[in-house]
Structure formats: structure tokens, C-alpha cells
Amino acid sequence: MVAKLLAQADRASVHDYNHLLSLLFRGLPIDLLGALPQCPDKNVIAGARFIAEELAERAAPVLDIILLRLKHDDAKRLSHAQSKAG
């Protein structure tokens, strides 16, 4: 399921992320979720964040990776915007 989300990032739906979440609740290793924040597609990162938040403390290590990625992307956008304004 993770491979499908990465391969078809532009076509992933809410249903796909909910399906992955249910698989993780049923025992799919949470470490697999760590591959999602490596994707450059913001929707995939947002989907990974949603799943990690739903899994709560079980996904703490992965949530840290996701939040770092989101902060990094925000910092890059801010830097780009500042360079255009200056």
C-alpha cells in the first residue's frame, strides 16, 4: 500500500490513506510509514501526517520525521518568498 501511494502520489485518495491506516491498526509495521515523508509530493506528506496523528504515540518516531519535513518545506518556501521580496 505504501508503494502504491508513493508510485501514484498524484492519484492517491483519502480512501487510500484510510486503507493504509486500517492496515497499520491491524498490524502492518509502522516503520513502513516512514517512507512517505521522503516523497516530494505534499499530499503524501499530509497523508502521512494524518495517519501518524491517528496512530498517536505508536507513530511518534515517524511523526517526528514528518514534522521535520514539513518544517523544512515551510522554511524553503519562506526563504524563496523572502528572496523574491528582497
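This report looks at Asp16 and the helix around it, α2, in a predicted model.

## Ground rules

Residues are numbered from 1 along each chain as its sequence is written. Since the model is predicted, local features need pLDDT of at least 70 and side-chain atom pairs count only at pLDDT 80 or more, while totals for chains, interfaces and linings use all residues, and side-chain values use heavy atoms, with hydrogens and water left out.

Asp16 sits in helix α2, residues 14–25. (Helices are DSSP runs of H or I, at least four residues, numbered from the N terminus.) With a relative accessible area of 9%, Asp16 is buried; that label means under 20%, while exposed means over 50%, using a 1.4 Å probe and protein chains only.

What does the side chain of Asp16 reach at 2.9 Å? The backbone nitrogen of Ser13. Leaving aside residues up to four places away in sequence, Asp16 also touches Met1, Lys4, Leu5 and Arg11 (contact means heavy atoms within 4.5 Å).

An α-helix has 3.6 residues a turn, so residues three or four places apart point the same way.

Just past the end of α2, Gly27 takes a positive phi of about 120 degrees.

Technical notes:
Helices (H or I, at least four residues) and strands (E, at least two) are DSSP runs, numbered from the N terminus. A polar contact is a pair of N or O atoms within 3.5 Å; within protein, one must be able to donate a hydrogen and the other to accept it, and residues adjacent in sequence count only if both atoms are side-chain atoms.
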